[in-house]
Amino acid sequence: MTDSRDAIFPIWKPQMITSTDVVRKVKSRFNLSKVGHCGTLDPFAEGVLIILSGNKTLESNKYMNTVKTYRATIVLGRETDTLDILGETIRVKALENRFSNQDIEKVLTEFKGEIKQRPPAFSAKKINGVRLYKFARKDIFIHLKPVSILIDEIDFISFNGHELVIDVKCHKGTYIRQLGNDIAKKMGTLGHLKSLTRTSIGNYNFKNTFQLEDIDNWKFVKH
């Protein structure tokens, strides 16, 4: 294996593991002193996670600012504190109106372009140096002011009356969990994410990323 002290590790993160856990595994396996990831991927989610080591960590902003794509499944009618399937139910509201595929596509167009979004309470965003999810775990919920985000594309995939599947192409700072809840509210109900897959970061996708379970067989080249 070539020297991986200054390298990029494009990894397909599995579900039910944190982004920090992936960093630890890479750091330990290759005995690296300086390792970081470019954008947190929630524990319940899977998909592309870019890990940088050595001097490559100085290029993190390049990957943070790269366009990302996601596929999300939104469960309508129930909101959880984390806005995903791992959270506790805090509110329930049935979907009263019937929506055709065309109706949903019309709703989705309202979230395309530059929009305002409030960062969720359970997020890695920091306030006074402390990440919001650390406050939320202590039942301290801090509601930040909405910020501008940019969504290039948001596409309707399927809808069965209870679950809505969408594809999203967006820029840095977009929280798909919050987007799912906001879409549900626009439909007159509540929502949380059942699943989330980060399908790409720039040119990296499932086909050119490494599986974490095969870490002992990884072979890297410098970028």
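**Burial, helix packing and surface of the predicted model**

At a relative accessibility of 1%, C38 is classed as buried. C170 is likewise buried, with a relative accessibility of 1%. No disulfide is found anywhere in the structure. These results refer to a predicted model.

The chain contains five helices and 14 strands. Of its 223 residues, 45% count as buried. When contacts between residues at least 6 apart in sequence are considered, 71% of them join residues at least 24 apart.

Helix 1 spans residues 19-29. Its buried residues are S19, V22, V23 and V26. These residues lie on the same side of helix 1, because the arc they cover around the axis is only 100°. The cover over the buried residues of helix 1 includes strand 1, strand 2 and strand 3. Strand 1 comprises residues 8-13, while strand 2 is formed by residues 35-37 and strand 3 by residues 46-53. R24 and S28, on the other side of helix 1, are exposed. After helix 1 comes N31, which has a positive phi near 55°.

Helix 5 consists of residues 176-186. Eight of its 11 residues fall under 20% relative accessible area, the limit for burial, and helix 5 is therefore largely enclosed by the rest of the structure. The buried residues in helix 5 are I176, R177, Q178, L179, G180, N181, I183 and A184. A positive phi is also found just after helix 5, where G188 takes a value of about 85°.

On the surface, a nonpolar patch is formed by M16, I85 and L86. Together, the three residues of this patch have about 300 Å² of accessible area. M16 is located in the loop between strand 1 and helix 1. With a relative accessible area of 54%, M16 lies over the 50% limit and is therefore classed as exposed.

Notes
Residues are numbered from 1 along each chain as its sequence is written. This is a predicted model: local features need pLDDT of at least 70, side-chain atom pairs count only at pLDDT 80 or more; totals for chains, interfaces and linings use all residues. Side-chain values use heavy atoms; hydrogens and water are left out. Patches are made of residues with over 30% relative accessible area and no salt bridge: like charges are joined within 9 Å, nonpolar side chains (Val, Leu, Ile, Met, Phe, Trp, Tyr) within 5 Å. Accessible areas come from the Shrake-Rupley method with a 1.4 Å probe; for residues, only the protein chains shown count as cover. A salt bridge is a side-chain nitrogen of Lys or Arg within 4 Å of a carboxyl oxygen of Asp or Glu. Helices (H or I, at least four residues) and strands (E, at least two) are DSSP runs, numbered from the N terminus. Buried means under 20% relative accessible area, exposed over 50%, partly exposed in between (1.4 Å probe, protein chains only). A disulfide is a pair of cysteine sulfur atoms within 2.5 Å. The arc is that of the directions from the helix axis to the C-beta atoms. Contact means heavy atoms within 4.5 Å.
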